[in-house]
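Hi,

Here is the structure I promised to send over. Have a look at it first, and then read my notes below.

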Amino acid sequence: MQNSLTLLDLLNDAAILSLEHQLHLETVVGNRDWHADLAEPRFDFSGAGEPDLVCERFHLLGSAAPGPGSWLWAWANPSGFRPETIELAESVRDLGRKYGVPELAEAEVPFAALPGSPEEPHQVLSLLTDAAKVLTGRWSAYNGPVGGGTRAAFLLEHSGFLLPQATPMHVVSVIQQAVSGVPTITDHRRAVYSYGRLRGLDPEFSADGRTLALKAFGIELGFDELNRLTRIEGSLTPDSI
């Protein structure tokens, strides 16, 4: 990792793998409702006529409140929480200090100080959760209302949330969906390379940096001078797996 980073760097690095995990989590959770008990601690999904799904661990990152228009990291919340519930948020804070990312290191962050100046709590949660994901390697997240328009963000651990083995067709679909629909991707080249590296797809740039090969599947991606994705080529048949 670089000696210094910006929040935008982290958002580009996280975007595609984050999207892939969230789509998978939504499939696994289905229509169950969520419940969190910070005192026990316990986080589970239940209802909809399906078996309860109890997370093996969960981590409270923080909350976004519309009143003050700010995000408050869990480690700075005056309510206080069990150490094991906020230790991951504390590690994000420490890494934010190490790499010079003030949005991760300061106790409270105004919405307006974040990329794009988001106005809604769910937009703020998405930004800071993605940054936490790529720094901690915990990729499954959930956020929900906790009263007064405030929403809380969690990172969850459960074996069912682990991604299945990648296939060429799925990888191409996720990349295309992310590049066309995730607004935090401002550098397609960086985002796709980071996804390939994090997903174990053996990415390698050409000498001029304009072409990226995902050697695990023989997929080739081209970028223009503004780092925008312009083409994807390769076999998507089962023989290419």
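Let's start with A48, which sits in the loop between β2 and β3 (50–54); helices (H or I, at least four residues) and strands (E, at least two) are DSSP runs, numbered from the N terminus. A48 has a positive phi of about 60 degrees even though it is not a glycine. With a relative accessible area of 51%, A48 is exposed (buried means under 20% relative accessible area, exposed over 50%, and partly exposed in between, with a 1.4 Å probe and protein chains only).

Before going on, some housekeeping. This is a predicted model, where local features need pLDDT of at least 70 and side-chain atom pairs count only at pLDDT 80 or more, while totals for chains, interfaces and linings use all residues. Residues are numbered from 1 along each chain as its sequence is written, and side-chain values use heavy atoms, with hydrogens and water left out.

Back to the loops. D202 is a residue other than glycine with a positive phi, near 55 degrees. You'll find D202 in the loop between α6 (188–198) and β9 (203–205), and its relative accessible area of 41% makes it partly exposed. There is also a cis peptide bond, from E40 to P41, with omega near -15 degrees. P41 belongs to the loop between β1 (33–37) and β2 (42–47).

Now the helices. α1 and helix α5 (residues 168–181) pack at an angle of about 110 degrees, and their axes are 9 Å apart. (Axes are lines fitted to C-alpha atoms, for helices over the stretch in contact, and angles run from 0 to 180 degrees between N-to-C directions.) That makes α1 roughly perpendicular to α5; angles under 35 degrees count as roughly parallel, over 145 as roughly antiparallel, 65 to 115 as roughly perpendicular and the rest as oblique. On the α1 side the contact (heavy atoms within 4.5 Å) is made by I16, L19, E20 and L23, and on the α5 side by H170, V174, I175, Q177 and A178.

Which residues have the most contacts inside the largest nonpolar core? They are I16, W71, W73, L104, L156 and I175, in a core of 69 residues. (A nonpolar core is a set of buried Ala, Val, Leu, Ile, Met, Phe, Trp, Tyr and Cys residues joined through side-chain atoms within 4.5 Å.) α1 gives this core its largest share, 10 residues. Not counting residues up to four places away in sequence, I16 touches V174, I175, A178, I185, A191, V192 and Y195.

E20 is in helix α1 too, and at 3% relative accessibility E20 counts as buried. Leaving aside neighbours within four places in sequence, E20 is in contact with L163, H170, V174, Y195 and R199. S173, in helix α5, is 153 residues from E20 in sequence and 9.8 Å from E20 in space, C-alpha to C-alpha. S173 is partly exposed, with a relative accessible area of 37%.

Last one: H24 lies in helix α1 (residues 7–29). Is H24 buried or exposed? At 19% relative accessibility, H24 counts as buried. A polar atom of the H24 side chain lies 3.0 Å from the backbone oxygen of G160. Beyond its neighbours within four places in sequence, H24 is in contact with G160, F161, L162, L163 and P164.

Cheers

Key:
Polar contact = N/O pair within 3.5 Å; in protein donor to acceptor, adjacent residues only side chain to side chain.
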